Amino acid sequence: MVAGAGGLGSTVLNLLVRLGIGTIHFFEFAEIDLPDLNRQVLYNSENIGKPKCRIAFENLKKINPEVEIIAHCEKIIEKTEIPEVDLVFDCLDNFTSRYILDDLIYPKGIPMVHAGVSSYFGQLTVIIPGETECLRKVISVEAARFDEKINKKIFPPVVTTMASLQVSEGIKYLTGDFKNLLYGKILVIDLLSNSFDVINIK
Amino acid sequence: MKINVKLFATLRLKLGVAGLEIETDKPVTIMQLLKLVSQKLNTDIIPELIEDGEIKVGTILLINGENIFHADKLETVITKECEVSVFPPSGGG
């Protein structure tokens, strides 16, 4: 399942569909805006003002008609019923929504590939119930205050880079490669100085 | 003891340094450590990380990967060699 079909989500969905991942659920409620087009690779200039959910679904089906895609044209809230899935990609754009998602899936034992981006920077970690703490504990921020201060200026290559890394970690999880999986650690990237650091976490 | 301080993302950008080593002969709190870092860098990093006596919203401090938010926050005491990571997470998507 992919939560969000914006910057991270449109690349994650694109790659997953091309890889032929059997069934993909995704959630998205926003409409396409002109500034989205510098990084949201599922959309184009003809789609402005249209719902991302519908356009993403149509384009993804064209890429690979054999993949079953279920579009949920809604925001993830506390009451959202999360489908039975093997893995969730956190492609949301704020921590308030991320913690709601975390609260919905962690108790159900569903793992999550988290990523966040800002400016030239991004971080990524895999949350696995029973093996790691939940996202809320691994990356603890006061979500409401943090979200007010999010720097919305994003260097587009950092978004597609992080999304590709999310898919890479997702494949490792789905194929059982726990040796190389980024859990129990956070990858922090900085495309300005070209640094990729892995911080071990407890 | 040696404390290896690593800085990430916007902090690295602002301060122009990725990390540094602090040598101290007695236990220090995180607050004291940040003052030592400021002295060594000749730049007061406290305003970047602390607001009204608390860790600034959007800053994560880890001691050997353990978030001080779940310990004694700025009063968390470092008693042995360790790595302190200062990391402002990115929230966008």
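**Chain B sheet.** I began with strands β6 (residues 60–63) and β9 (residues 82–87) of chain B in this predicted model. They pair in the antiparallel sense, over four bridges. I looked up Ile63(B) and found Val84(B) of β9(B) as its bridge partner. Next I traced the sheet around this pair. It is an open sheet of five strands in chain B, with mixed pairing, and I read the order as β2-β1-β9-β6-β7. At its edges I noted β2 (19–23) and β7 (66–67) of chain B, each pairing on one side only. Then I asked which helix packs on this sheet. I found helix α2 of chain B, residues 30–41. This helix touches β1 (2–7), β2, β6 and β9 of chain B. I noted about 110° between its direction and that of β2(B).

**Chain A sheet.** I moved to chain A and found an open sheet of eight strands, again listed with mixed pairing. The order I wrote down is β3-β2-β1-β4-β5-β6-β7-β8. The edge strands are β3 (68–72) and β8 (195–200) of chain A, and each has pairing on one side only. I checked strand β1 (residues 2–3) of chain A against strand β2 (residues 23–27) of chain A. The two run parallel and are joined by two bridges. Within this pair, Ala3(A) stands opposite Phe27(A) of β2(A). Helix α2 of chain A, residues 52–63, packs on the sheet and touches β2 and β3 of chain A. I noted about 175° between the direction of this helix and that of β3(A).

**Helix pair in chain A.** I then took helices α1 (residues 7–19) and α6 (residues 156–174) of chain A. Their axes lie 8 Å apart, and the packing angle is about 45°. I therefore logged α1(A) and α6(A) as oblique to each other. The crossing of α1(A) past α6(A) is right-handed. From α1(A), the contact residues include Leu8(A), Val12(A), Leu15(A) and Leu19(A). From α6(A), I noted Val159(A), Met162(A), Val167(A) and Ile171(A) among them. What is the make-up of this contact? I read 10 nonpolar residues, five polar and no charged.

**Between the chains.** Last, I looked at the contact between chains A and B. Chain B gives 24 residues to the contact and chain A gives 37 residues. The buried area between the two chains is about 2400 Å². Carbon and sulfur atoms give 63% of that area. Which three residues supply more than any other three of the area that chain B buries against chain A? I found Val57(B), Ser90(B) and Gly93(B), which supply 26% of it.

Definitions and conventions. Residues numbered from 1 in each chain as written. Chains lettered and ligands numbered in written order. Predicted model: local features only at pLDDT ≥ 70, side-chain atom pairs only at ≥ 80, totals over all residues. Heavy atoms only, no water. Axes fitted to C-alpha atoms, helices over the stretch in contact; angles between N-to-C directions. Parallel < 35°, antiparallel > 145°, perpendicular 65-115°, else oblique. Left-handed = near helix turned anticlockwise from the far one by under 90°. Contact = heavy atoms within 4.5 Å. Nonpolar A, V, L, I, M, F, W, Y, C, P; charged D, E, K, R; others polar. Pairing = 2+ DSSP bridges. Buried area = accessible area lost by both parts, 1.4 Å probe.
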